[in-house]
Amino acid sequence: MLINHDTRCALTHTVDLLNTALGDGSPDALSTVEQLRSYVESHDLSGVQVGALSEADLAGVRRVRELFAAVFAAGTDREAAELINAMVAKAGTTPQLTDHDDHDWHVHYFAPGASVADHLSADCGMALGFFLVAGERERLRRCDAPDCRRAFVDLSRNRSRRYCDSRTCGNRLHVAAYRARQRRSASHSGG
């Protein structure tokens with residue numbers, strides 16, 4: 001699947017934001033304004049004044065995170081489309097061509113001066129929309145490991161990725177399955 005750099009970045013922002021709250025009892029990694037500042041800085045969100053972030057921004061970004069989670073969990077493309085349409089409309093999407101910071105020409109979907117929540121809703125919402133339009137929504141996934149709820153985008157050629165990270169979750173489950181087979185084999189041969 002071919003996706004442009006901007007869409008890939010927006011999907012990374014989406015997944016990383018989702019993974020700040022896994023709903024598995026682990027602490028929310030986006031519970032303070034300082035954590036929001038860290039997220040914004042690490043994702044180099046253009047146009048966001050990191051020093052000006054507030055509790056209102058934090059609350060807005062947490063609402064956006066809930067919307068992203070709803071898109072990932074949507075049962076149908078229509079349901080996902082309705083969620084994306086509402087999110088992008090509320091953000092006041094204003095497509096603009098830009099070539100800032102030595103990047104080639106690309107499109108920003110957020111309005112100039114948009115809040116960080118509207119920035120994420122517009123850019124990431126459009127990236128999610130592009131995936132849906134391309135018939136690729138099934139690539140928006142949660143890890144299959146029973147003790148992991150991390151979100152990821154399956155960019156494998158054959159859409160076969162099942163784990164957020166094959167070296168951790170995938171390998172851990174493969175090793176556990178292997179050991180279980182070895183135990184069964186040992187009990188059958190010894191019995």
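Asp 104 counts as exposed, at 68% relative accessibility, where exposed denotes over 50% relative accessible area, buried under 20%, and partly exposed the range in between (1.4 Å probe, protein chains only). The model is predicted, so that local features need pLDDT of at least 70 and side-chain atom pairs pLDDT 80 or more, while totals for chains, interfaces and linings use all residues. Residues are numbered from 1 along each chain as its sequence is written, and side-chain values use heavy atoms, without hydrogens and water.

Asp 104 lies in the loop between strand S1 (96–98) and strand S2 (106–108); helices (H or I, at least four residues) and strands (E, at least two) are DSSP runs, numbered from the N terminus. Together with Asp 44, Asp 99, Asp 101 and Asp 102, Asp 104 forms a patch of negative charge on the surface. Such patches consist of residues with over 30% relative accessible area and no salt bridge, like charges being joined within 9 Å; a salt bridge is a side-chain nitrogen of Lys or Arg within 4 Å of a carboxyl oxygen of Asp or Glu.

Asp 44 is located in the loop between H2 and helix H3 (55–73) and is exposed, with a relative accessible area of 61%. Its phi is near 50 degrees, a positive value in a residue other than glycine. Most residues other than glycine have a negative phi.

In helix H2 (residues 33–43), the buried residues are Val 33, Leu 36, Tyr 39, Val 40 and His 43. Seen down the axis of H2, these fall within an arc of 115 degrees and therefore line one face of the helix, the arc being that of the directions from the helix axis to the C-beta atoms. Glu 34, Glu 41 and Ser 42 are exposed on the other side of H2.

Definitions and conventions. Patches are made of residues with over 30% relative accessible area and no salt bridge: like charges are joined within 9 Å, nonpolar side chains (Val, Leu, Ile, Met, Phe, Trp, Tyr) within 5 Å. Accessible areas come from the Shrake-Rupley method with a 1.4 Å probe; for residues, only the protein chains shown count as cover. Lys and Arg count as positive and Asp and Glu as negative; His and the chain ends are not counted. The place of a charge is taken as NZ of Lys, CZ of Arg, CG of Asp or CD of Glu.
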